[in-house]
Every structure is written in C-alpha cells, then in structure tokens.
Amino acid sequence: MVDVTELDKPSSVAEYRDKVCALEEALKNHEAVELEVKHHFAHGTYTRELLIPKGTMLTGQIHRHSCINIISKGKIIAFTDKGRIEIEAPHTFVSGPGVKKAGYALEDTIWLNVHPWDGPEDIELIEKATVVPSYEQLEHESKGALWLG
C-alpha cells in the first residue's frame with residue numbers, strides 16, 4: 001500500500017502537485033488494476049464512467065477545463081489540491097481546471113466525469129481535447145505557449 005497521508009493537507013497547490021505525481025510514480029511499482037470504463041454521449045456532452053473496485057488506489061488525469069464529477073455508487077476517499085475529502089454516493093461536485101485527483105475506494109465505487117463535447121464519438125480525440133498529460137504542459141498552455149514537449 002502506498003502512503004497517501006501527505007496528500008491530506010497540502011500547504012500549496014505546487015506541493016500537492018509534486019506529491020500526487022510522486023504517488024502516481026509509486027503506484028507504477030504495484031500490480032495494476034484493470035478498471036472498467038464506459039463512455040456515454042448525449043446532446044453536447046461526453047460522460048466517462050469509471051468502476052473502481054473496493055481497495056483500489058488510483059490517480060486521475062489533469063483536465064484542461066472544469067468538469068462535473070458524480071459519485072453514483074460507493075464510498076471513496078478523494079484527494080485534491082484542497083485536501084482530503086471522504087465522498088459517499090450519491091454526491092455531485094465540480095472540479096476546476098488543472099486538478100489531478102487521487103483516490104482510495106472504501107467500497108466499490110462508480111465515478112463519472114461529465115465534459116462538454118460536441119464532436120465525434122472518438123475517445124482518443126476527446127482525451128486530447130480534455131486532458132493535459134503533465135503539469136508542465138498545463139503551465140505552457142496557460143501562458144498561451146505552443147507545447148512542443
């Protein structure tokens with residue numbers, strides 16, 4: 001098990017970002033859990049549904065824009081740059097742009113992210129539009145710089 005207690009109360013956004021990235025690296029040394037993902041499309045939206053088994057620790061992606069998060073089943077401890085929050089279904093909240101969340105599922109959990117999307121049903125294209133692969137790229141994009149990384 002990876003220790004996540006340092007994510008509880010970050011002293012700054014930069015500290016949280018460093019620690020969540022370190023957690024993500026540490027998780028790579030553990031057996032990967034195959035998570036079931038479902039994709040839903042409706043008038044101008046794309047919803048990603050993730051089934052997280054009890055006992056799973058994970059990190060999410062960095063979203064370019066704010067998005068709606070819906071916990072429709074289960075209980076999970078989530079970490080953001082604001083600290084630790086225990087979420088029990090049903091629960092809906094908005095996370096801001098540039099946030100990389102981490103979590104530990106206390107029960108089998110269903111987590112949905114809702115994004116605006118009016119393009120083709122192409123997951124690779126959607127991820128390119130909604131996800132930033134690194135904080136470094138996010139910083140470049142926020143300054144209007146072209147990322148060549």
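Before the close-ups, one definition: axes are lines fitted to C-alpha atoms, for helices over the stretch in contact, and angles run from 0 to 180 degrees between N-to-C directions. This is a predicted model, where local features need pLDDT of at least 70, side-chain atom pairs count only at pLDDT 80 or more, and totals for chains, interfaces and linings use all residues. Residues are numbered from 1 along each chain as its sequence is written, and side-chain values use heavy atoms, with hydrogens and water left out.

**View 1. Helix α1 meets helix α3.** Helices (H or I, at least four residues) and strands (E, at least two) are DSSP runs, numbered from the N terminus. The axes of α1 (residues 13–27) and α3 (residues 135–142) come within 12 Å, crossing at roughly 140°. On the α1 side, Tyr 16, Arg 17, Val 20 and Cys 21 make the contact (heavy atoms within 4.5 Å); α3 brings Tyr 135, Leu 138 and Glu 139.

**View 2. An open sheet of five strands.** Follow the order β1-β2-β10-β5-β8, with antiparallel pairing; two strands pair if DSSP finds at least two bridges between them. At the edges sit β1 (36–42) and β8, each pairing on one side only. From one strand to the next, the twist averages 20°.

**View 3. Strands β1 and β2 side by side.** Seven bridges join antiparallel β1 and β2 (residues 45–52). Look for Ala 42, whose bridge partner in β2 is Thr 45.

**View 4. Helix α2 over the sheet strands.** Helix α2 (residues 123–130) lies across β1, β2 and β10 (109–116), at about 85° to β1.

**View 5. A cis peptide bond at Pro 90.** Going from Ala 89 to Pro 90, the bond is cis, with omega near -5°. Pro 90 is in the loop between β7 (83–88) and β8 (91–95).
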